Structures are given as structure tokens and as C-alpha cells.
Amino acid sequence: MKTANQDIKPVTTKINENGNIEIGGCDLVDLANTYGTPLYVYDEETIRSMTKGYKDAFKNYPKINMMFAAKAFMTKAICKIMQQEGFGLDLCSGGEIYTAVSSGFDMTKTLFNGNNKSYDEINYAIESGINTISVDNFFELALLNNIAKTQNKIVRILLRITPGIECHTHEYIQTGHLDSKFGFDLTQTDEAVELIRDEYINLKLVGLHAHIGSQIFEKQVYYDEVEVIFKEIKRIKDKYGINLNEINLGGGLGIKYTEEDRPISIYDIAETIIDSIKVHSKKYNIEEPYVFIEPGRSIVGTAGVTLYTAGSSKQVPKGRKYQSVDGGMSDNARPSLYQAKYSVEVANNPNGEAVEKVTISGKHCESGDILAKDIMLPEIEEGDTICFYTTGAYGYSMSSNYNRVLKPAAVLVNNGKSDIIINRQTYEQLCISDNIPTRLN
Ligand code: LLP
């Protein structure tokens, strides 16, 4: 069955009677006028169609725990939606934990991941009642045990392993291959297990965790990932008599940024994972484990679009035409960081014939601040509303204040209603952390 991550546009996208693009029953040009641009627009129906898709696809495997990878887009409103949908949260910093706690999230449904969690972050995570911590390295095992001891708690942990699986995605977002900054190499797990058994008595090892990468289009890597984890569980069982019955498979399901992308459906992934679990449980005579999955991009990526207003343009004699917009690498770092490509439309002229090859440039003082290179669009006029699709994941969450440009606002749209979920930053907020030492006055 097809799922929303296999389309470029949010599920509610249409062209309305004004001839403008509409999402969630809201005219994008109206949204741009009301809230200003750049503006992140999130379609609630698309988000929920993905969470429901995950639940439906795994319904025959009741021991599943869905955790939204908050790094893709984290705000209090998203926490509320995830809670309503019965999802937990995969958190990876003190800031993400704080956001979850302050949204009133049920912290018994949260995980803490990361390769360099600080003392304060771990302390805060345990105090907040985090359910499980995925431990990344030896340093962290010792640190975590000390903190757990000080708080007089036993902490449930997973060991993050590097499964040695390479998937075909951008090098920076591959994580499961052997030479990775994340997790224990498979030759190090024995030592970790022994340390936990013999010394780290405030830690309770419940299972293994792996994450093989992001923006994945292949099923086979998930099959292989489950196999590698099962082999390791079997080895640990035989060698130490320890039964690990929780596994975390990470996230990674890809989405469709451009027509060339061919992401697979949630149902394909679920079937592959469940199949591999059944095969390997039988083969190794291991009880079917509790499974965590941590999708991020696929939950919020397709749901989000960014609106910009067209400003100055420049035709280089015998060269490119540059059309500048009022945002850029500060609200979406992905094009400059990963050469990421997007599908773009003019929200007030979606049916216009694509007659012009244009490069959409951001407003930052940097030549690399290009949002989309050499794309075909209708002729753009100053003031047009430009819509970038599939910016919902790792867009706002990786935004910055480069050039002291303010962070944009985000609205959630549903059924003709729009609500602010992140206010546009103000100049006062921009300077709130600045301090002038008295000797400079
Ligand atoms: N679990 C772990 C341990 C992760 O490291 C990640 C993503 C996820 C889950 C969620 O993966 P997803 O379902 O979103 O693929 N900034 C990059 C993506 C970095 C992904 C980092 N880890 C980008 O913009 O493409």
C-alpha cells in the first residue's frame, strides 16, 4: 500500500478556486500574507497519515514501540501529536528532553540516544524519568553508571552497535558502516557486556540498538540489520547466558524530494523487518523481541513545506538567472550541506508553464547559499510566493541565525485552520544571550 512518504506533496495539497496552492484547506498565499515569510507550513493530516501508517503496518507485531526521532523536527506541538498517536520519542540532547518534559510528554515513553551525552544531560534524563538510554561507548557506560548510582537508580540500557551495513545514501547521513563515530564495534560488545555484568551494577542491559542511516530506499538493509542484531544476541546468550529481548532498529525510511526519488512504503519496511525477525527468531531459537523503531524524516518530512517571497533577481549576461528569496541556508541548510534537491512551485501560479530555468538563491552573504539550482519554473515576479516541498524534516531543526537572520515561524494547518506552533523569532530574542562585559562600556 502506498504511503505519504512516497509523494512529494502533503496529502491535502490542491489548487483552489483562487488558482493558488492550498494545503490543509489553507491557501498558501494567504498564509504567507498572514504570518510573513519564510514560513514553515506543516500539514497535520500528512503527519497523522504517517503515524497511522506505521501503526497499521506493524499491527501484526504487537511488541512494537514507535518512537518519533525528535531531531527531525522538535516542538511542543509535535510532542502533543506524537502523544495522541501513541508514539514515544527518541531524544538526543538536553534541549530535546526539556522540550518533551515541558510539553507534558509521558517520559516513560522516551529513549535517549547520542554519542557524547554530557553528565548534565544524563543526569537530567534520569531525573526526568527517561525509559531507556542507548549507550554509545565505554566512556558513557562508566559515566552513566556513576550517575545512576548517585541517583540510586537502576537504568535500563541498550548497547548501540555498529552493524557494518552500508546503505546508499549521502556519506554524512550514513551511520551503520564500520568506520563510524557511533556505537560499539562488534568486537567490543563482549567487553561491554562483561563490564555491565561485573562492575556497572546500576545498569540493566535489556537489548541492542543500531541505526543504519537516513533517507534509505532499500528494504534489504533492514533485513540484514535484524540479522546482524540477532546473531549478536545469540552469541551473547550462548556465551554469557544473558537474554536480551529488546531491539532498536533506528529510523531511516526515505521520502520523495524530487521525481527521481523512489522511496518505499512503510508497509514494505514493516513486512521486511517482521519477516527477518520471524526467520531469525526461529533460526536462533530466540523469543521474538520487543522492537523499537525511530522514524524521523518519514513522519514529518513530506508534511512540511517552506514558503518564501520572491525578491531581487539577476540575469548574468550569457549565464544563469538568479532569483533571490527572503530566506536561505539559515532556514534550510540541507542544499548547501548535502547538495539536497527539492521540488519547487510558485504558490500563486501553480499552473503556469515552466518556461524559465532559474536558480533560487538565499539572502545570505555566501555564494554557496543556493536553495535550488537550475530548475524550471514559470516566470517569477517580485512578491510571488515560492513553495519548497518536503522541507518538514531537518529543515527548521537545523536552522541557524547566520547573518543574524531571524528564525522563521511554523504553522500547523488542518481543515482550513492554521495555528502557530513556532513564533517567528524577534530581534530582542536574537540578542537575549548577548552580554557586554562592563569594561567595554
Ligand atoms: N535514530 C537515530 C539513532 C538517528 O541517528 C536518526 C537520525 C534517526 C533515528 C532518525 O532517522 P530518520 O528516520 O530521520 O532517517 N540531517 C540529516 C539527517 C541526519 C539523520 C541523523 N540521525 C539530513 O538532513 O538529511
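The largest cavity has a volume of about 70 Å³. The search of the whole structure finds one cavity of 30 Å³ or more. A cavity here is a set of points, on a 1 Å grid over the protein atoms alone, where a 1.4 Å probe fits but cannot get out. Grid points are joined across faces, edges and corners, and the volume is the space filled by probe spheres set on the points.

This is a predicted model: local features need pLDDT of at least 70, side-chain atom pairs count only at pLDDT 80 or more, and totals for chains, interfaces and linings use all residues. Residues are numbered from 1 along each chain as its sequence is written, and side-chain values use heavy atoms, with hydrogens and water left out.

Lining residues have an atom within 4 Å of a cavity point. Those of the largest cavity are Y54, Y222, G250, G251, G252, L253, I269, I273, I293 and P295. Seven are nonpolar, three polar and none charged. Ala, Val, Leu, Ile, Met, Phe, Trp, Tyr, Cys and Pro count as nonpolar; Asp, Glu, Lys and Arg as charged; the others, Gly among them, as polar.

**Ligand site.** The ligand has 19 residues around it, and S214, E294, R297, R334 and Y394 come nearest. A residue is near if one of its heavy atoms lies within 4 Å. By class, the shell holds six nonpolar, seven polar and six charged residues. Polar contacts (pairs of N or O atoms within 3.5 Å) include these:

| Residue | Protein side | Ligand atom | Distance |
|---|---|---|---|
| R297 | polar backbone atom | oxygen | 2.8 Å |
| Y338 | side-chain N or O | nitrogen | 2.8 Å |
| Y394 | side-chain N or O | oxygen | 2.6 Å |

Taken alone, the ligand exposes 590 Å², and the protein buries 92% of that. Accessible areas come from the Shrake-Rupley method with a 1.4 Å probe.

**Backbone.** A cis peptide bond joins T37 and P38, with omega about -5 degrees. P38 sits in the loop between α1 (28-35) and β4 (39-43). Helices (H or I, at least four residues) and strands (E, at least two) are DSSP runs, numbered from the N terminus.

Q215 is not a glycine, yet has a positive phi of about 55 degrees. Its loop runs between β10 (203-209) and α8 (220-240). N415, also not a glycine, has a positive phi of about 55 degrees. N415 lies in the loop between β19 (409-414) and β20 (417-422). Q215 is buried, at 11% relative accessible area. N415 is exposed, at 71%. Buried means under 20%, exposed over 50%, and partly exposed in between (1.4 Å probe, protein chains only).

Definitions and conventions:
Polar contact = N/O pair within 3.5 Å; in protein donor to acceptor, adjacent residues only side chain to side chain. 1 Å grid on protein atoms, 1.4 Å probe; cavity = no way out; pocket = protein on both sides within 12 Å on 5 of 7 lines; lining within 4 Å.
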